[in-house]
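These are my notebook entries on one chain, written down in the order in which I looked things up. I give the cut-offs of each term where I use the term.

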Amino acid sequence: MTLFCPECGTEKGPFVKNSLCLNCFLKKNKILNVPEKIEISFCPSCTKILVHGKWVKQSEKILKDFIIKKIKTKELTNQKFDVELIQNKNGNSDVNIIVTGKIADEKISLNAKTFLILKKELCKNCSRISGGYFEAVVQLRFEKKPDKKVLKELLQLLNDLGKEQELVKIIELKNGFDVQVFSKKIALSASKKIALKYKSDITKSFTVAGADREGKTKKRFTYCIRI
Ligand SMILES: [Zn+2]
Ligand SMILES: [Zn+2]
């Protein structure tokens, strides 16, 4: 028995699932499904992007993977994606997509276009910095001249201990530095390490820095290290 396409009558294969010829199958089925536009949250302050719930540094590879995850295909095996990004003036990009793969053992290639739209949104870190919110101040105080080396060590510790950027602001004073730190926990552990290294003590104190929505007072902690 010879197979023929129930749609166009051709006896020329290949036939997809022993039915339609490949041409008719491609006409009747939407193999490639690409959204008209793809939006991605973008922080205008530090240029990070939000990918799967995390703010990360932008790279072409991350953007391309993000786009590929939005592409849906049907009946296509051995699929490979080729994504080209052409950025335009406003920072958004034209996206050209080529998908290759196999249907009924026949190699096919499909094209699609979409747009990548940057949705401006301050990332968690930049929004708390712009809001001026911080939990602690580490005060480095020096008997003689303020030593920038100690400041550098403190900043390095904050960077290593914190999951996100902890430093909010550095204020330079005649006898030292006030370092505003987002999390009091990180500020304290960094202070302890500095104090240990320079064999000094930490003087802890706090001030009340307003109240939160439930009326609970918010404390701002100060850790003072005299070196
Ligand atoms: Zn056909
Ligand atoms: Zn940011």
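**Entry 1: domains and overall form**

I looked up the domain assignment of the chain, and it gives domain 1 as 32–120 and domain 2 as 132–226; bounds of this kind come from an automatic or database domain assignment. The centres of domain 1 and domain 2, taken over C-alpha atoms, are separated by 42 Å.

I note that this is a predicted model, in which local features need pLDDT of at least 70 and side-chain atom pairs count only at pLDDT 80 or more, while totals for chains, interfaces and linings use all residues. Residues are numbered from 1 along each chain as its sequence is written, and chains are lettered from A and ligands numbered from 1 in the order in which they are written.

I then compared the chain with a globule: its radius of gyration is 29 Å, whereas a compact globule of 227 residues would have one near 17 Å (the radius is taken over C-alpha atoms, and the globule rule is 2.2 Å times the number of residues to the power 0.38). The C-alpha trace spans about 95 × 40 × 35 Å along its principal axes.

**Entry 2: secondary structure and burial**

I found five helices and 13 strands in the chain; helices (H or I, at least four residues) and strands (E, at least two) are DSSP runs, numbered from the N terminus. Of the 227 residues, 19% count as buried, where a residue is buried if 20 or more other C-beta atoms lie within 10 Å of its own, exposed if 12 or fewer, and partly exposed in between, with C-beta atoms placed from the backbone.

Among the contacts with a separation of 6 or more, 54% come from residues 24 or more positions apart (two residues are in contact if their C-beta atoms, placed from the backbone, lie within 7 Å).

**Entry 3: strand 11**

Why is strand 11 largely enclosed by the rest of the structure? I found that five of the six residues of strand 11 (residues 176–181) are buried, so the strand is largely enclosed.

I also looked up its partners, counting two strands as paired if DSSP finds at least two bridges between them. Strand 9 (residues 136–141) runs antiparallel to strand 11 and is joined to it by six bridges, and A136 has V181 of strand 11 as its bridge partner. Strand 10 (residues 167–173) also pairs with strand 11 over six bridges in the antiparallel sense, with K169 bridged to Q180, and these two strands form a hairpin with two residues between them.

**Entry 4: backbone exceptions**

Most residues other than glycine have a negative phi, and most peptide bonds are trans.

I noted that E75, although not a glycine, has a positive phi of about 60°; E75 sits in the loop between strand 5 (72–73) and strand 6 (77–87). E75 counts as partly exposed because it has 14 C-beta neighbours inside 10 Å.

D105, also not a glycine, has a positive phi of about 65° and lies in the loop between strand 7 (93–103) and strand 8 (106–120). D105 counts as exposed, because 11 C-beta neighbours are found inside 10 Å.

The bond between G13 and P14 is a cis peptide bond with an omega of about -5°, and P14 belongs to the segment before helix 1 (22–28).

**Entry 5: L3**

Which residues is L3 in contact with, leaving aside its neighbours within four places in sequence? I found E11, G13, F15 and N18. L3 and P14 are eleven residues apart in sequence, and their C-alpha atoms are 9.5 Å apart in space.
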